[in-house]
Number of protein chains: 2
Amino acid sequence: VPFKQVENLSHDSLVRRAASLVTDSSSTFLSQATLALTDALTEYAKAVHTLIALQRQYLASLGKLSPAEEDTVWQVIISQRAEVVHRQDEQKRFELTWVTAIRLCEAAAEAAYISGAENASITVRTNIQLAQSQVEEAQKISVDAEKKLAETKVMEVERMTQHAATLEGSNDEEETPEAYLRED
Amino acid sequence: VPFKQVENLSHDSLVRRAASLVTDSSSTFLSQATLALTDALTEYAKAVHTLIALQRQYLASLGKLSPAEEDTVWQVIISQRAEVVHRQDEQKRFELTWVTAIRLCEAAAEAAYISGAENASITVRTNIQLAQSQVEEAQKISVDAEKKLAETKVMEVERMTQHAATLEGSNDEEETPEAYLRED
């Protein structure tokens with residue numbers, strides 16, 4: 001039955017082509033999601049580093065600024081903390097998208113394999129690995145920033161304690177801004 | 001920070017567009033897989049019905065054909081049985097593809113939803129339901145054919161027994177072709 005044979009081949013080839021298109025679009029989706037996530041991780045790390053710099057600057061200037069100057073500095077710190085929180089939210093949001101994209105690409109790779117589009121399947125799997133290593137790299141930068149922030153917190157507590165002792169020693173009435181501590 | 005805001009919007013919109021493309025190609029893949037499967041189910045049912053007709057024809061002509069004619073008839077029956085097996089294999093193969101396509105579309109719907117492409121997500125889910133009802137319909141036809149084949153088998157056993165009794169009664173040496181029984 002040669003006619004029927006051709007019919008079957010046609011179904012197979014249409015399914016295979018459709019599977020290839022899915023692997024293409026899934027890979028594109030993963031690329032966009034990876035870019036969005038790595039950018040979000042980078043922006044988050046940047047925001048954390050800026051916060052660290054501001055906090056160190058504040059600690060270095062403790063007791064050297066007028067109450068008005070101090071007020072301005074910690075207003076900036078508080079706004080930077082909000083920026084860090086915002087960047088963290090964004091990072092988490094894109095992380096969710098990215099995990100979904102990985103899952104989707106795995107489904108696409110399976111579909112391509114089942115449909116006989118082995119090359120397309122291999123390409124998606126390679127893209128998955130690439131995306132994973134890119135995200136891991138960006139996550140390291142973000143984790144490093146968080147570690148440094150934690151270190152700054154330790155330093156902060158030390159300096160504040162030191163400063164409070166100095167103030168007690170000199171019987172100065174100046175106080176650490178409450179809002180600064182409250183946000184900690 | 002208006003510039004950064006635009007950057008984020010851009011990431012979101014790129015991810016959303018990419019997700020929409022995935023839902024489109026996943027839906028196309030599901031359509032092709034559904035078409036392949038429903039065709040395979042239909043072809044299988046047709047092959048089964050042809051086999052049933054051939055077997056009934058053979059049973060109706062029992063004792064009326066010459067050994068050579070009988071031989072020709074059951075050669076045709078055996079070849080039709082091979083066709084049924086072939087169609088069943090094909091149906092199972094496309095069933096696997098189709099199940100994978102459904103899983104892929106579910107992943108695409110989730111990806112679209114997570115990315116904020118709600119409409120695309122709803123469209124895929126509608127396509128999934130459509131595909132499921134189309135396949136269910138085709139599966140019914142295939143199951144009906146299998147039921148009829150089982151009924152024919154019962155009828156076959158009755159007729160063969162009846163025929164054997166007739167032969168014994170007439171002391172005729174004619175035998176039921178072995179190959180026919182062997183394939184049963």
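**Notes on a two-chain helical model**

1. Let me start with Ala107(A), which is buried at a relative accessible area of 10% (buried is under 20%, exposed over 50%, partly exposed in between, with a 1.4 Å probe and protein chains only). Ala107(A) sits in helix α2 (residues 67-114) of chain A; helices here are DSSP runs of H or I with at least four residues, strands are runs of E with at least two, and both are numbered from the N terminus. Leaving out residues up to four places away in sequence, Ala107(A) touches Leu104(B) and Ala107(B), a contact being heavy atoms within 4.5 Å. Within its own chain, Ala107(A) is 87 residues from Ser20(A) in sequence and 12 Å from it in space, C-alpha to C-alpha.

2. A word on the ground rules. This is a predicted model, where local features need pLDDT of at least 70, side-chain atom pairs count only at pLDDT 80 or more, and totals for chains, interfaces and linings use all residues. Residues are numbered from 1 along each chain as its sequence is written, chains are lettered from A and ligands numbered from 1 in the order in which they are written, and side-chain values use heavy atoms, with hydrogens and water left out.

3. Chain A as a whole: four helices and zero strands, running α-α-α-α from the N terminus on. Of its 184 residues, 42% count as buried. Take the contacts in chain A with a separation of 6 or more: 84% of them come from residues 24 or more positions apart.

4. Arg159(A) and Leu59(A) are 100 residues apart in sequence, yet their C-alpha atoms are 6.8 Å apart. Setting aside neighbours within four places in sequence, Arg159(A) is in contact with Leu59(A), Ala60(A) and Leu62(A). Arg159(A) is partly exposed, with a relative accessible area of 33%.

5. Over in chain B, have a look at helix α2 (residues 67-114). Its 48 residues reach 70 Å from first C-alpha to last, close to the 70 Å expected at 1.5 Å a residue; the expected span is 1.5 Å times one less than the number of residues. Just after α2(B), Gly116(B) takes a positive phi of about 90 degrees.

6. Now the interface. Chain B and chain A bury about 3,100 Å² between them, 63% of it on carbon and sulfur atoms (buried area is the accessible area, 1.4 Å probe, that two parts lose on being put together, summed over both). In residues, 37 of chain B are in contact with 38 of chain A. Seven residue pairs are in polar contact across the interface of chain B and chain A, both residues at pLDDT 80 or more; that term means a pair of N or O atoms within 3.5 Å, where within protein one must be able to donate a hydrogen and the other to accept it, and residues adjacent in sequence count only if both atoms are side-chain atoms. On the side of chain B that touches chain A, α1 (2-60) and α2 of chain B each supply at least two residues. The most comes from α1(B), with 20 residues.

7. Not counting residues up to four places away in sequence, Ser25(A) touches Leu21(B), Val22(B) and Ser25(B). A polar atom of the Ser25(A) side chain also lies 3.2 Å from the backbone oxygen of Val22(A).

8. On charges, there are four salt bridges between chain B and chain A (a side-chain nitrogen of Lys or Arg within 4 Å of a carboxyl oxygen of Asp or Glu). Arg103(A) pairs with Glu110(B), the closest N and O atoms being 2.8 Å apart. Glu110(A) and Arg103(B) meet in a salt bridge too, at 2.9 Å, N to O. Glu110(A) is in helix α2 of chain A and Arg103(B) in helix α2 of chain B, so this pair joins two chains. Arg93(A) and Asp12(B) form a salt bridge at 3.0 Å, N to O, crossing from helix α2 of chain A to helix α1 of chain B. Arg93(A) is partly exposed at 38%, whereas Asp12(B) counts as buried at 18%.

9. Last, a pair inside chain B: Glu43(B) and Arg87(B) meet in a salt bridge at 3.9 Å, N to O. Glu43(B) lies in helix α1 and Arg87(B) in helix α2 of chain B, so the pair ties together parts 44 residues apart in sequence. Arg87(B) is buried, with a relative accessible area of 2%. In chain A, salt bridges that share partners join Glu43(A), Lys46(A), Glu83(A), Arg87(A) and Glu90(A) into one network.
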